[in-house]
Amino acid sequence: MTSARYLAVFCILLALLAGLTVVFNRVVDPFWYYRDISIAGFNAVKPKFRRYERHVKPALVQREQPVSLIFGSSYSEIGFDPSHPALRAAGKSFNFALAGASWEMVQCNVQFALQHDTALRQIVLGIHPREMPKKDCAAEIAAMASPDERAFLFSFEALDASLNTLLEQRHEQPSHNADGLYFYTRGKPGTAGRFREHLALHRSCRVGRVSEQPAPPLSGRAPDALDLGGLRELLVLAQQKHIAMKLVVYPRHALSFELEYQCGERQARWDALRQIAALADDMGDAQVEVWDFEGYHALGTVPISDKVDIYWQDPAHFNYEAGNLMLDEMFGLKPPQLGMRLNAGNVDARAEAERQARARYLAAHPEFLQQLQNLLPGH
């Protein structure tokens with residue numbers, strides 16, 4: 001064989017191998033980008049989607065044009081099911097929340113959807129009661145709008161992910177469902193252990209001995225102004241496109257936020273909620289709503305053990321069964337019992353109602369503070 005013929009054969013074989021690799025990656029679809037071939041035991045479970053969701057979810061939104069979208073961090077991604085009837089009634093829905101997403105990332109994701117999802121009509125946005133400043137998202141939006149599809153077919157990462165997808169079918173549980181809902185530690189025992197770990201990491205002050213101390217009265221001083229420029233921009237953009245926006249302040253289990261009472265820090269939350277509600281009021285638009293679901297009620301005080309819990313995975317991550325209860329109330333399917341729609345004028349009433357509910361609950365359940373004490377480090 002001459003060198004020229006050898007080179008030609010080599011190039012043909014190389015091209016054939018490259019072509020087969022592309023076909024293989026396309027069929028296995030390890031990143032859940034194409035979504036048209038799903039075979040149980042072959043590629044139905046996507047163990048690599050979790051690592052690449054920040055690249056895939058924007059592309060899916062742009063391609064599928066959902067009517068309803070959920071945004072936020074892992075709290076939204078785990079806790080709000082896009083198949084909830086109130087979301088599906090309007091049309092296709094999708095969970096665009098991302099684990100570990102900062103406010104800046106969430107803001108850019110919402111802006112991306114507002115620009116590229118022309119069917120979008122309603123948004124559920126999970127937020128924390130803290131500053132939400134404005135960010136220039138131009139570069140991030142451009143990158144999301146033009147994904148490098150070659151990376152899903154030609155890259156070594158794609159081939160490695162395809163091989164791992166085949167090998168891990170029988171050993172891996174899905175991390176997500178097809179609509180973007182994240183399972184995280186759902187269905188796993190050890191709930192009290194995760195509560196203990198979370199409380200150790202997220203305490204804002206050092207608590208020695210917890211006690212049934214009365215909550216301090218609401219402060220009359222003017223709070224420091226929060227930078228809410230980023231949230232304001234999102235509300236304006238949504239209003240211009242006639243898109244309804246429901247802002248949900250992430251709730252926590254009472255074992256977590258009771259520490260704010262023990263530390264004398266609960267006031268800061270009400271100050272932040274009042275400013276966020278006032279911003280929504282300023283929009284003068286009935287389509288902008290702010291909802292708070294945290295409290296000493298049946299959901300917030302679910303007894304915790306090391307068994308699998310229906311509603312909570314840890315003090316901050318709630319399961320979609322809890323999220324469904326919230327969505328029921330936000331969309332008027334059930335009367336508000338757990339939550340309240342906030343405005344600037346009713347936040348103080350909400351705070352006072354919680355103070356009274358706390359006093360009643362602690363008086364009736366002395367074991368609650370003992371459990372909190374046992375979950376803190378050193379016990």
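Helices (H or I, at least four residues) and strands (E, at least two) are DSSP runs, numbered here from the N terminus. By that count the chain holds 15 helices and 6 strands. This is a predicted model, in which local features need pLDDT of at least 70, side-chain atom pairs count only at pLDDT 80 or more, and totals for chains, interfaces and linings use all residues. Residues are numbered from 1 along each chain as its sequence is written, and side-chain values use heavy atoms, with hydrogens and water left out.

Let's begin with the chain as a whole. Its C-alpha trace spans about 90 × 50 × 35 Å along the principal axes. Of the 379 residues, 50% are buried, where buried means under 20% relative accessible area, exposed over 50%, and partly exposed in between (1.4 Å probe, protein chains only). The chain exposes about 17,600 Å², and carbon and sulfur atoms supply 57% of that area; the areas come from the Shrake-Rupley method with a 1.4 Å probe, and for residues only the protein chains shown count as cover. Taking contact to mean heavy atoms within 4.5 Å, residues 24 or more positions apart account for 81% of the contacts with a separation of 6 or more.

Now step inside. A nonpolar core is a set of buried Ala, Val, Leu, Ile, Met, Phe, Trp, Tyr and Cys residues joined through side-chain atoms within 4.5 Å. The largest one has 57 residues, and F71, I123, L125 and L231 have the most contacts inside it. Helix α5 (residues 103-116) gives this core its largest share, 7 residues. Apart from it lies another core of 38 residues, F195, Y250, Y261 and W312 among them.

Leaving out residues up to four places away in sequence, F71 touches S76, F96, A97, V106, N109, V110, A113, I123, V124, L125, G126 and Y250. F71 belongs to strand β1 (residues 68-71), where S68 and I70 point one way, L69 and F71 point the other way, and all are buried. Two strands pair if DSSP finds at least two bridges between them. β1 pairs in the parallel sense with strand β2 (residues 93-95) over 3 bridges, and S68 stands opposite S93 there. β1 also pairs with strand β3 (residues 122-127), again in the parallel sense, over 4 bridges; in β3, V124 is the bridge partner of I70.

After α13 comes G332, with a positive phi near 75°.

S256, found in helix α11 (residues 254-262), counts as buried because its relative accessible area is 10%. Beyond residues up to four places away in sequence, S256 touches L199 and P315.

L342 lies in strand β6 (residues 340-342). Is L342 buried or exposed? L342 is buried, because its relative accessible area is 4%. Residues up to four places away in sequence aside, L342 touches L273, A277, V290, D292, V347 and R350. The C-alpha atoms of L342 and Y33, 309 residues apart along the chain, are separated by 39 Å.
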